[in-house]
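Please look at the sequence and the model together, and follow the text from one residue into its surroundings and then out to the chain as a whole.

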Amino acid sequence: MRIMEKAEAVSRIAKNAALLIDGMATDCFLLNLGVGIPGAVADHITNPNIYIHAENGMIGVGPLATGNQVHPQLINASRQPVTETPGCCYLDRALTGIPFTPADNLGQMVL
């Protein structure tokens with residue numbers, strides 16, 4: 001039996017989770033990803049109806065950022081640099097008064 005490297009194992013787990021989630025969303029779908037392996041799921045989501053939410057108020061988190069895409073304020077829950085997807089927006093509950101609680105608005109969470 002071959003022993004997988006950690007990076008390969010993380011990638012396989014994230015791809016499998018993304019495949020399951022991609023098939024669930026037919027309408028607009030909000031997804032929250034936890035720290036660690038769940039954060040890697042964003043790199044494999046292909047369904048355009050899925051919007052990934054980050055704890056910093058970002059809705060529309062894209063894959064991990066590399067090179068000149070890196071912006072210090074665009075991060076996921078694991079504090080890794082991420083990209084924005086088309087239609088990305090930011091919420092600030094303190095300023096907008098928009099009630100946004102994960103329990104009420106999220107389609108799915110990966111922890």
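Leaving aside its neighbours within four places in sequence, Ile 52 is in contact with Leu 31, Leu 33, Ala 42, Ile 45, Met 58, Ile 59, Gly 60 and Val 61, where contact means heavy atoms within 4.5 Å. This is a predicted model, in which local features need pLDDT of at least 70 and side-chain atom pairs count only at pLDDT 80 or more, while totals for chains, interfaces and linings use all residues. Residues are numbered from 1 along each chain as its sequence is written, and side-chain values use heavy atoms, with hydrogens and water left out.

Ile 52 also belongs to the largest nonpolar core, which has 21 residues and in which Ile 21, Leu 31, Val 41, Ile 45, Ile 50 and Ile 52 have the most contacts. A nonpolar core is here a set of buried Ala, Val, Leu, Ile, Met, Phe, Trp, Tyr and Cys residues joined through side-chain atoms within 4.5 Å; buried means under 20% relative accessible area, exposed over 50%, and partly exposed in between (1.4 Å probe, protein chains only). Two or more residues of this core are given by each of helix H1 (6-24), strand S1 (29-33), strand S2 (50-53), strand S3 (58-64) and strand S4 (82-90), and the largest share, 4 residues, comes from H1. Helices (H or I, at least four residues) and strands (E, at least two) are DSSP runs, numbered from the N terminus.

What does the side chain of Asn 32 make a polar contact with? The partner is the side chain of His 53, at 2.9 Å, a polar contact being a pair of N or O atoms within 3.5 Å in which, within protein, one must be able to donate a hydrogen and the other to accept it, and for which residues adjacent in sequence count only if both atoms are side-chain atoms.

S3 is mostly covered, with 5 of its 7 residues buried, and 4 bridges join S3 to S4 in an antiparallel arrangement; two strands pair if DSSP finds at least two bridges between them. Within this pairing, Val 61 stands opposite Glu 84 in S4. The loop between S3 and S4 holds Arg 79, which is exposed, with a relative accessible area of 71%. Most residues other than glycine have a negative phi, whereas phi of Arg 79 is near 65°, a positive value.

Turning to the cysteines, the count comes to 0 disulfides, a disulfide being a pair of cysteine sulfur atoms within 2.5 Å. For Cys 88, the nearest cysteine sulfur is that of Cys 89, 6.3 Å away. Cys 89 is partly exposed, with a relative accessible area of 33%. Leu 91, in the loop between S4 and helix H2 (93-96), counts as partly exposed at 25% relative accessibility, and its C-alpha atom is separated by 10.0 Å from that of Glu 55, 36 residues apart along the chain.

For the protein chain overall, there are 3 helices and 5 strands, which follow the pattern α-β-β-β-β-α-α-β along the sequence. Buried residues make up 34% of the 111 residues, and residues 24 or more positions apart account for 45% of the contacts with a separation of 6 or more.
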